Amino acid sequence: MKKNIFLIGIAALVLSGCNSGSENSFEKFTKIVTNLSSYSSEVDEWNDYGANLKKNGIKYEAANSSDQKFVQDKMDSEYVNAINHVGSAFTVTEKSKQELEKENQGYKFTYNKIVTVKDTSKNNTVGYCVNYDSARVIDGQIKSEDKDKKNFLYIDKSRPLSIFTGSNDFIKVVCGDDFYNKYKGKDAD
């Protein structure tokens with residue numbers, strides 16, 4: 001993920017959202033920018049992690065049933081927190097925090113492909129390349145906003161799930177161009 005593009009896009013979104021005519025819009029904008037600045041180091045950390053994995057040597061294997069269960073359990077238990085972590089930069093009031101938490105519930109995942117990533121020197125599993133679709137159950141109805149988009153995510157074996165591992169650039173480095181090209185959705189670059 002290109003840091004500058006990420007921050008420019010977020011800034012544009014923030015500017016449009018803060019123009020509500022309220023007296024403390026600038027204060028809200030300042031808080032959001034401050035919150036977003038902490039993500040820059042997190043993105044850099046993941047990019048360094050991916051580059052080091054690739055440099056040290058990785059190989060890919062088909063995920064077995066226990067690998068698939070690990071991914072499913074991790075997605076079910078940590079995905080909402082990862083989404084809320086990124087979205088929390090835009091929550092400047094207690095009410096907006098509660099709205100974010102309410103909105104990010106009920107995710108159901110369909111896994112198109114899960115590949116085990118192993119480090120070649122020790123032959124141990126370090127993580128998983130995941131291609132998935134998602135839907136949410138809201139008020140008893142399925143909302144399929146991400147259906148057939150073929151989203152990517154790298155799930156590390158020992159670190160918390162992070163949305164920042166789902167960028168096309170990160171996936172190409174850690175999971176390889178073949179995985180990316182084979183499973184990317186129709187809207188991908």
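Q: Which strands form the hairpin with aspartate 139 in the turn?
A: E3 and E4, with two residues between them. Aspartate 139 has a positive phi of about 50° there. Bear in mind that this is a predicted model.

Q: How many bridges join E3 to E4?
A: Three, and the strands run antiparallel. E4 covers residues 141-143. Isoleucine 138 is opposite glutamine 141 in E4.

Q: What other strands does E3 pair with?
A: E2, residues 107-119, is joined to E3 by twelve bridges, also antiparallel. In that pairing valine 115 faces cysteine 129 across the strands. E5, residues 151-156, pairs with E3 over six bridges, in the antiparallel sense. There, glycine 127 stands opposite aspartate 156.

Q: What sits between E2 and E3?
A: Four residues, in a hairpin turn. Asparagine 123 in that turn has a positive phi of about 60°.

Q: Is E3 mostly covered or mostly open?
A: Mostly covered. Of the 15 residues in E3 (124-138), eleven are buried.

Q: Where does H3 bend?
A: At glutamate 78, by about 45°.

Q: And which H3 residues are buried?
A: Among them are Asp67, Val71, Lys74, Met75, Tyr79 and Val80. The list also includes Ala82, Asn84, Val86 and Gly87.

Q: Why might the spacing of residues in a helix matter for that?
A: An α-helix has 3.6 residues a turn, so residues three or four places apart point the same way.

How values were computed. Residues numbered from 1 in each chain as written. Predicted model: local features only at pLDDT ≥ 70, side-chain atom pairs only at ≥ 80, totals over all residues. Heavy atoms only, no water. Buried < 20%, exposed > 50% of the residue type's maximum accessible area, 1.4 Å probe, protein only. Pairing = 2+ DSSP bridges. Bend = angle between axes of the 7 residues up to and from the residue.
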